[in-house]
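Here is a short report on one protein model.

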Amino acid sequence: MAGSKFRPDRGLTTRMVTTMGLLALVYAAFVVGLVLVGLNVWLVVLLVAGFALFSYFASDKIAMFSMGAREVTPQQAPELHAVVDRLCAMADMAKPRVGVADTDVPNAFATGHNEKSAVICVTTGLMRRLEGPELEAVVAHELSHIAHRDVMVMTVAGFLGIVAGFLTQAGLRFAMFAGASRGNNNGPAPAVVALLVVLVSAVAWALSFLLTRALSRYRELSADRAAAYLTGRPSVLGSALTKITGDMARIPSRDLRQVEPFNAFFFTPALSREGFSFSRLVATHPPVDQRLSQLSEISRQLGQGR
């Protein structure tokens, strides 16, 4: 976070380093496991390396495309650019690209593997609902993710889960096909290998999932703190958080389900009212009450009250 005036967070840095180290071990065990169950080592290396490079360098484009977002110029979104310009000047950081997603789901996210590729995106639903200071507080939260570089870490961390999930689905399909079409000469070997690939991939996916979720929850608290101290108005960020989570309940479940895959990158999760509730173990964000409590404490520290 060199050159940025966002408050540094040693706890976040420690957790990012720890998460990346543990994921590297999972990553290595994943590759070794795939080779041991019978896959060609060069095929595994090519597959993993290919996914890694694509995910790393195309993360911003994938996120923008999947959300139906577009990059906007200062002429197209002057008020939003003015907010980003002002906050970047306050934080003494390079201005990221600015995007808008045309959806009524009120949210915002930041993505990109480095400062040059970084983009901050807000939805039209967010801009319609928030007052100027509230929008500024949310944008400050997202900018802190870029300044802390945890956006890059989450991009890299999420890659293993993508590969493992892909291989799990591919292995299951192949096992079904091999089991149904095997001849007497070949025996069950292809199906067995496919099922072993599924097992190794599923374990790797579960471990990477839990590690990234733990990091995701802490980084949201860190971003709230950084934004609150930069703007000096934690109560405004709390107001925005309360307003967004309250309005989320009135968004159609279909719209929420469409954006749920991006919950780990959102300002606040877009959870459908249907289905089960995520436990704290697998949640992408800390409870709203915990976030509001932290902001209230910062308000007291700054002598503002609530």
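The sections below go from basis to fold, surface and salt bridges.

## Basis

This is a predicted model: local features need pLDDT of at least 70, side-chain atom pairs count only at pLDDT 80 or more, and totals for chains, interfaces and linings use all residues. Residues are numbered from 1 along each chain as its sequence is written, and side-chain values use heavy atoms, with hydrogens and water left out.

## Fold

The protein has ten helices and four strands. Helices (H or I, at least four residues) and strands (E, at least two) are DSSP runs, numbered from the N terminus. Along the sequence the order is α-α-β-α-β-β-β-α-α-α-α-α-α-α.

## Burial and surface

The protein has 306 residues, and 50% of them count as buried. Buried means under 20% relative accessible area, exposed over 50%, and partly exposed in between (1.4 Å probe, protein chains only).

## Salt bridges

Side chains of opposite charge can pair when their charged atoms come close. Here a salt bridge is a side-chain nitrogen of Lys or Arg within 4 Å of a carboxyl oxygen of Asp or Glu. A search of the whole structure finds 13.

D9 and R225 form one of them, at 2.6 Å from N to O. D9 lies in the segment before α1 (10-36) and R225 in helix α7 (residues 189-231), so the pair ties together parts 216 residues apart in sequence. D9 is buried at 13% relative accessible area. R225 is partly exposed at 21%.

## Two further pairs

D60 and R97 also meet in a salt bridge, 2.6 Å from N to O. D60 sits in helix α2 (residues 41-66) and R97 in strand β2 (residues 97-101), so this bridge ties together parts 37 residues apart in sequence. D60 is buried, with 4% relative accessibility, and R97 is partly exposed, with 29%. D60, R97 and E71 are linked in a network of salt bridges.

R129 pairs with D104; their closest N and O atoms are 3.1 Å apart. R129 is in helix α4 (residues 124-129), and D104 is in the loop between β2 and β3 (108-111). The two are 25 residues apart, and the pair links distant parts of the chain. R129 is partly exposed at 21% relative accessibility. D104 is partly exposed too, at 30%.
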